Structure formats: structure tokens, C-alpha cells
Amino acid sequence: TGSAPSRRRNATTANAAAPESAGMGYGYGSGSGDMNMGGMAMGSSGSAKIEGHVKFPLVFDIRPYLTEEMQGTVKSMLCRLFAVIVHSGKNSHSGHYVSYVRNVAKNEWWKMDDAKVMLVPKEEVFAAEAYMLFYRVVDHPVSVELKNKEEEIFKREAE
């Protein structure tokens, strides 16, 4: 158990001031190309858990949600799911959290449940009632730049 991350914006409604808005929220990591989506709704009476299964993709294109300036610089900006948090309980103040984490190199999903870590089928992950989803931008400009610099260094060292 622990305190739940705060929601930054409601992704399902254009009216962010709506007092009882519900839906998957999202937030961005600090320049790493990571993005997360969460499932708590804030209202005038506090937070409430959004119950039920929400279908989520392994990969999606975030380009339509970029600024016009950024859209002009990329053809697509694909995001790949790498972790899912599941919350069991009625609200964000109590309950139990379980995470599923993907080993991208081996295309494996691992379930983390307190001291238990086990390999699970992807069907279990996509059937889960996700509380929070974590996506990483594939070929994020910062990652591509770092990879290119690394390749240059290895090339110089090999000469």
C-alpha cells in the first residue's frame, strides 16, 4: 500500500474544470519520454476509483495529441506500454497495488506482488483492471540523440 500518484489532467474531457469528471488521466515523466495514465477521478467530494476494465493498447501513436509545432517535426510518435499498475480497493487511500512490468528485450511480462515475482502471460496483463499505465515513446528524440552519440564514441574507440 502507499499513497497514489496525483492526477495532472483528465484525458477524456475537454472541460478540465468539470467537478465530477471521470476517465483516465495522464502525466509526463521528466523529459525521459515516459508517459503514464491513471484511473482515479477527482470531484467535489474527494477522489473516487474508476471501476471496471478499460481496454488499452500495447502501442499507440501520440502524434495527434502533440502541439502543432511538434506535429510538424514528426510523422508519428509511437508509445509502447512497459508497465501496468493494478489497484485493489475502494479508494486511493487504502488497498493493495500490484504491478506488471514488461521485459521488452525478451517480450516477457512479470507480475510484481509484494515479495512475489512471477512470469505471466500477456493475456493476464491486458485483462487486468489497470489503475495506471506507463508508456515510453519509441525512438524519443533524446534517446535517439544519446544512442547516436554512443555509437560515435564506440566507433572512435574502435579506430
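Is Phe126 buried, partly exposed or exposed? Phe126 is partly exposed, at a relative accessible area of 23%; buried means under 20%, exposed over 50% and partly exposed in between, with a 1.4 Å probe and protein chains only. Keep in mind that this is a predicted model, where local features need pLDDT of at least 70, side-chain atom pairs count only at pLDDT 80 or more, and totals for chains, interfaces and linings use all residues. Residues are numbered from 1 along each chain as its sequence is written, and side-chain values use heavy atoms, leaving out hydrogens and water.

**Around Phe126**
- Helix H2, residues 122-127, holds Phe126; helices (H or I, at least four residues) and strands (E, at least two) are DSSP runs numbered from the N terminus.
- Leaving aside residues up to four places away in sequence, Phe126 touches His53, Phe56, Pro57, Leu58, Leu81 and Trp109 (contact means heavy atoms within 4.5 Å).
- Pro57 lies 69 residues from Phe126 in sequence, with 8.3 Å from C-alpha to C-alpha.

- The covered face of E8 (residues 108-113) carries Trp109, Lys111 and Asp113, while Glu108, Trp110 and Met112 are on the uncovered one.

**Neighbours of E8**
- E7 (residues 96-103) pairs antiparallel with E8 over 5 bridges; pairing takes at least two bridges found by DSSP.
- Trp109 is the bridge partner of Arg102.
- The E7-E8 hairpin has 4 residues between its strands, and Asn107 in that turn has a positive phi of about 55°.
- E9 (residues 116-120) runs antiparallel to E8, joined by 5 bridges, and Lys116 in E9 stands opposite Asp113.
- In the E8-E9 hairpin, 2 residues separate the strands, and Asp114 in the turn has a positive phi of about 55°.
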